[in-house]
Amino acid sequence: MPELLKLDKITKYYGNKSSLTKAVDNISFDVQPEEFVAIMGASGSGKTTMLNCIATIDKVTGGHIYLQGQDITMLKGNALNAFRREELGFVFQDFNLLDTMTGFENIALALQIQNVKPAQIEERVMAIAEQLNIKEILNKYPSQMSGGQKQRVASARAIVTEPKLILADEPTGALDSKSARMLLECFRKMNRELKATILMVTHDAFTASYASRVLFLKDGKLFHEFYRGDDTRKQFFDKIIQVVSLLGGDVNDVI
Ligand SMILES: Nc1ncnc2c1ncn2[C@@H]1O[C@H](COP(=O)(O)OP(=O)(O)OP(=O)(O)O)[C@@H](O)[C@H]1O
Ligand SMILES: [Mg+2]
């Protein structure tokens, strides 16, 4: 299968010659369709910067990013807006739900923007709500939801448009362990049953253990990667912890 996403020698520099930060320093890797990839690394290693470049929120300093063969670093204006709207789903740590809209309306909005017919909108929102176990909270406003419920509504909004790629930055960062588990089960479902390709930044080994591959960044560079293969989640979790300590990191940084 041809790759879904290809990063080709991506760099992102901040500052000027006298104080240059190489936030992303010559990173290349491919993501296959239906992969679930976790990106780990210490604070400041470039995870968010790299994700934001793929999300086209940030502009790369050098290199190219291809989604199904299309160079997204070259997109501008309407083509860029359409790309973000049609091809990507974002899940941010701070949810980004609209407070004056119910859960249902927040999710439906993503479809309205795509001009989906009203009759279809209801059907699709209900189908995704069933999958992510949020039917009971669709009539609630974000202020009436728990953190975990908000995160699942935000995830439903990201997936309901059936984007080619879901990008998530520390999706469990603000959640207690039970809510984190539920969200990760949602991600696993989106990946396995809805065939979503997911790229998820996390510094948490438990969260990463839900993925099928883990990439480690260090000082803006791709440092190491490994696949889950036939391991159970628990076995994969133990390996991630092992690798983190082998790589000289402090395990406490990542759990
Ligand atoms: N807008 C900016 N201007 C200047 N430097 C920046 C900017 N954004 C990020 N950086 C620098 O780029 C490097 C990578 O930052 P980034 O936010 O990608 O790290 P991260 O791996 O996501 O860290 P964390 O785990 O703390 O979220 C850091 O050294 C940071 O200080
Ligand atoms: Mg970050």
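This is a predicted model: local features need pLDDT of at least 70, side-chain atom pairs count only at pLDDT 80 or more; totals for chains, interfaces and linings use all residues.
Visitor: Which residues have the most contacts inside the largest nonpolar core?
Guide: They are Ile 107, Phe 187, Val 214 and Ile 240, in a core of 51 residues.

Visitor: Which helix gives the most to this core?
Guide: Helix α6, residues 177-192, gives the most, with six residues.

Visitor: And what is Phe 187 in contact with, leaving aside its neighbours within four places in sequence?
Guide: Phe 187 is in contact with Phe 36, Val 91, Ser 155, Ala 168, Pro 171, Ile 198 and Met 200.

Visitor: What does the second core include?
Guide: The second core is separate and has 29 residues, including Leu 5, Ile 27, Leu 80 and Phe 83. As a general point, nonpolar side chains in soluble globular proteins tend to be buried together.

Visitor: Let us turn to the helices. At what angle do α3 and α5 pack?
Guide: Helix α3 and helix α5, the latter spanning residues 147-159, pack at about 25 degrees, and their axes are 8 Å apart. Angles under 35 degrees count as roughly parallel, so α3 is roughly parallel to α5. The crossing of these two helices is right-handed.

Visitor: Which residues meet there, α3 against α5?
Guide: From α3 come Gly 103, Asn 106, Ile 107 and Ala 110, and these meet Val 153, Ala 156 and Arg 157 of α5. By class, four residues of this contact are nonpolar, two are polar and one is charged. Ile 107 was also named for its contacts inside the largest core.

Visitor: How do α3 and α4 cross, then?
Guide: The axes of α3 (residues 103-113) and α4 (residues 118-131) come within 10 Å and cross at roughly 125 degrees. The two helices are therefore oblique to each other, and their crossing is right-handed.

Visitor: A change of topic: why is helix α1 described as largely enclosed?
Guide: Helix α1, residues 47-54, is largely enclosed by the rest of the structure because seven of its eight residues are buried.

Visitor: Which ones are buried?
Guide: The buried residues of α1 are Lys 47, Thr 49, Met 50, Leu 51, Asn 52, Cys 53 and Ile 54.

Visitor: What is phi for Thr 56, which follows α1?
Guide: Thr 56 has a positive phi, near 65 degrees.

Definitions and conventions:
Residues are numbered from 1 along each chain as its sequence is written. Chains are lettered from A and ligands numbered from 1 in the order in which they are written. Side-chain values use heavy atoms; hydrogens and water are left out. Axes are lines fitted to C-alpha atoms, for helices over the stretch in contact, and angles run from 0 to 180 degrees between N-to-C directions. Helices (H or I, at least four residues) and strands (E, at least two) are DSSP runs, numbered from the N terminus. Angles under 35 degrees count as roughly parallel, over 145 as roughly antiparallel, 65 to 115 as roughly perpendicular and the rest as oblique. A crossing is left-handed if the near helix is turned anticlockwise from the far one by less than a right angle, and right-handed if clockwise. A nonpolar core is a set of buried Ala, Val, Leu, Ile, Met, Phe, Trp, Tyr and Cys residues joined through side-chain atoms within 4.5 Å. Buried means under 20% relative accessible area, exposed over 50%, partly exposed in between (1.4 Å probe, protein chains only). Contact means heavy atoms within 4.5 Å. Ala, Val, Leu, Ile, Met, Phe, Trp, Tyr, Cys and Pro count as nonpolar, Asp, Glu, Lys and Arg as charged, and the others, Gly among them, as polar.
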